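Below is a short briefing on one protein model. Please keep the sequence and the coordinates at hand while reading.

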Amino acid sequence: LEETIPLLYVEGLSTRDFKRELKSLWGESGLSRSSVSRANKALKEAFNNWRRRDLSLEEIIYLFLDGIYLEVRGNSRNKEAVLVAHGITREGKRVVLHLSLGGSESTESWKGVLNDLVERGLRRPQLFIADGNQGLLKAIKDIWPEVARQHCTVHRIRNVLARVPKKRQDEVRSESTRLNSSHVRTSRM
């Protein structure tokens, strides 16, 4: 059970949820604080080991970089960016390479992500796929200036839709999806 608890945390259960839902297993005393503490410690250790793993055997050809703003707040009242790097291997396998709480998508934050990937052995990809974030673009240029960059089609479609009247967004979205999927088919030939 203690090995399962960290997985339930990842799924979003809180300590209060554990106590309520697992009362039948542990009785009225519920889940002890020390059990929760051990589970948290195991989860943090596993995550830290994952974040430090060697990447030298990963043959990443496409590297996707993005900052995702979630309802996560560290030492500030503002939302913080979770900086994500994932890649596609030559065989077409998707690999998550990096996750970190970045505060913001500044050049320095993104340089930290890219330097971490390099230090763990990631070789230069053939193509970066990213949104238009200026901090990210500068970091890419500083660390791997010779790598080609492509604007993410999902971000591009969102940018277009933000400028389209609401009553026409469904029509534009479906046409964008149709055009994008036909382009993908022809580019694979």
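**Aromatic pairs and the core**

Phe47 is partly exposed, at a relative accessible area of 35% (buried is under 20%, exposed over 50%, partly exposed in between, with a 1.4 Å probe and protein chains only). The model is a predicted one, in which local features need pLDDT of at least 70 and side-chain atom pairs count only at pLDDT 80 or more, while totals for chains, interfaces and linings use all residues. Residues are numbered from 1 along each chain as its sequence is written, and side-chain values use heavy atoms, with hydrogens and water left out.

Aromatic pairs

- Trp50 is also partly exposed, with a relative accessible area of 25%.
- Phe47 and Trp50 are 3 residues apart in helix H4 (residues 33-51), so about one helical turn separates them (helices are DSSP runs of H or I with at least four residues, strands are runs of E with at least two, both numbered from the N terminus).
- The rings of Phe128 and Trp144 have centres 5.9 Å apart and planes at 40 degrees, so this pair is tilted (ring centres within 6.5 Å make a pair, using the six-membered ring of Trp; planes under 30 degrees apart are stacked, over 60 edge-to-face, the rest tilted).
- Because Phe128 lies in strand S4 and Trp144 in the loop between H6 and strand S5 (148-151), the pair ties together parts 16 residues apart in sequence.
- Phe128 is buried at 0% relative accessible area, and Trp144 is buried at 9%.
- The whole structure holds 2 aromatic pairs.
- In the pair of Phe47 and Trp50, the ring centres are 5.8 Å apart and the planes at 25 degrees, so the pair is stacked.

Nonpolar core

- The largest nonpolar core has 21 residues, and Leu63, Leu65, Leu97, Leu117, Leu122 and Phe128 touch the most other members (a core joins buried Ala, Val, Leu, Ile, Met, Phe, Trp, Tyr and Cys through side-chain atoms within 4.5 Å).
- The largest share of this core, 4 residues, is supplied by H5.
- Beyond its neighbours within four places in sequence, Leu65 contacts residues including Trp110, Phe128, Asp131 and Ile140 (contact means heavy atoms within 4.5 Å).

Around helix H6

- Asp131 sits in the loop between strand S4 (127-130) and H6, and counts as buried at 11% relative accessibility.
- A polar side-chain atom of Asp131 lies 3.0 Å from the backbone nitrogen of Asn133.
- At the start of H6, a side-chain oxygen of Asn133 comes within 3.0 Å of the backbone nitrogen of Gly135.
- Buried residues in H6 (residues 134-143) are Gly135, Leu136, Leu137, Ala139 and Ile140.

Technical notes
A polar contact is a pair of N or O atoms within 3.5 Å; within protein, one must be able to donate a hydrogen and the other to accept it, and residues adjacent in sequence count only if both atoms are side-chain atoms.
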